[in-house]
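Please look at the sequence and the fold shown here before reading on.

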Amino acid sequence: MGLDNGIHLRRIGNKLDIDSLPDYLNISEVSRSEKEDNSVIYDICYWRKCWNIRSMIFGFIPKLLQEDNDGYYELNIQQLIGIRNGIYDFLKNPECWDNTIWELSEMILHLGQDIINISWLINHLKDNPKDYAYFYDSY
């Protein structure tokens, strides 16, 4: 199973002005592309050994893509809404939190931040249709 996975934003062209983002966000620049599109990758969410979150996210990615991909899955806004709601469901229904090395009490603040970051990402993608989000999986 994937040890590391998360959601990234790939921004084409201009960089985000990280300093001008709201203080409640926890978003960081990961890398700059060497490709001609001059894109920048931003870390929106990161999970380590949270196989329950990984499984929930794969519920939003078609099986065909899961079998024939290199660990990167582009996400549309509807999928992001589903993922955000899935994370919220873990907080609402603690009995569903299993299949991970972490106790829910250790992850509550992290999951809350994930919900905030994904909500921001959804709005960002609506306003910036050239940018895109993807789920990465180290499996």
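Arg10 stands opposite Tyr132 in strand 5. The model is predicted, so local features are taken from residues with a pLDDT of at least 70 and side-chain atom pairs from pLDDT 80 or more, while totals for chains, interfaces and linings use all residues. Residues are numbered from 1 along each chain as its sequence is written, and side-chain values use heavy atoms, with hydrogens and water left out. Strands (E, at least two residues) and helices (H or I, at least four) are DSSP runs, numbered from the N terminus.

Six bridges join strand 1, residues 4–11, to strand 5, residues 132–137, and these two strands run antiparallel. Two strands count as paired if DSSP finds at least two bridges between them. Gly6 faces strand 5 too, standing opposite Tyr136. What is the bridge partner of Gly6 in strand 3? The partner there is Tyr46. Strand 1 and strand 3 are joined by eight bridges and run antiparallel.

Five strands form an open sheet in the order 2-3-1-5-4, with antiparallel pairing. Strand 2 (28–32) and strand 4 (72–75) are the edge strands, each pairing on one side only. From one strand to the next, the twist averages 35°. Angles here run from 0 to 180 degrees between N-to-C directions, and axes are lines fitted to C-alpha atoms, for helices over the stretch in contact.

Is strand 1 largely enclosed or open? Strand 1 is largely enclosed by the rest of the structure, because seven of its eight residues are buried. Buried means under 20% relative accessible area, exposed means over 50%, and partly exposed lies in between (1.4 Å probe, protein chains only).

Leaving aside neighbours within four places in sequence, Arg32 is in contact with Lys15, Ser39 and Val40; contact means heavy atoms within 4.5 Å. Tyr42 is ten residues from Arg32 along the chain, and the C-alpha atoms of the two are separated by 9.1 Å.

Helix 4 (residues 104–127) lies across strand 1, strand 3 and strand 5, and runs at about 150° to strand 3.

Two packed helices are described by the angle between their axes and the distance between the axes. For helix 1 (residues 51–58) and helix 3, the axes come within 10 Å and cross at roughly 145°. Which residues make the contact? Helix 1 supplies Asn52, Ile53, Met56 and Ile57, and helix 3 supplies Gly82, Ile83, Gly86, Ile87 and Phe90. An α-helix has 3.6 residues a turn, so residues three or four places apart point the same way. Helix 1 is mostly covered, with seven of its eight residues buried. Those buried in helix 1 are Trp51, Asn52, Ile53, Arg54, Met56, Ile57 and Phe58.

Lys49 is in the loop between strand 3 and helix 1, and has a positive phi of about 60° although it is not a glycine. With a relative accessible area of 26%, Lys49 is partly exposed. Asn99 lies in the loop between helix 3 and helix 4. Asn99 is not a glycine either, and its phi is positive at about 60°. Asn99 is partly exposed, with a relative accessible area of 40%.

The chain as a whole comes last. The protein has four helices and five strands, which follow the pattern β-β-β-α-α-β-α-α-β along the sequence. Buried residues make up 43% of its 139 residues. Among contacts between residues at least 6 apart in sequence, 76% join residues at least 24 apart. The protein exposes about 8000 Å², of which carbon and sulfur atoms supply 49%; accessible areas come from the Shrake-Rupley method with a 1.4 Å probe, and for residues only the protein chains shown count as cover.

How many disulfides are there? The count comes to zero, a disulfide being a pair of cysteine sulfur atoms within 2.5 Å. Cys45 is buried, with a relative accessible area of 1%, whereas Cys96 is partly exposed, with a relative accessible area of 40%.
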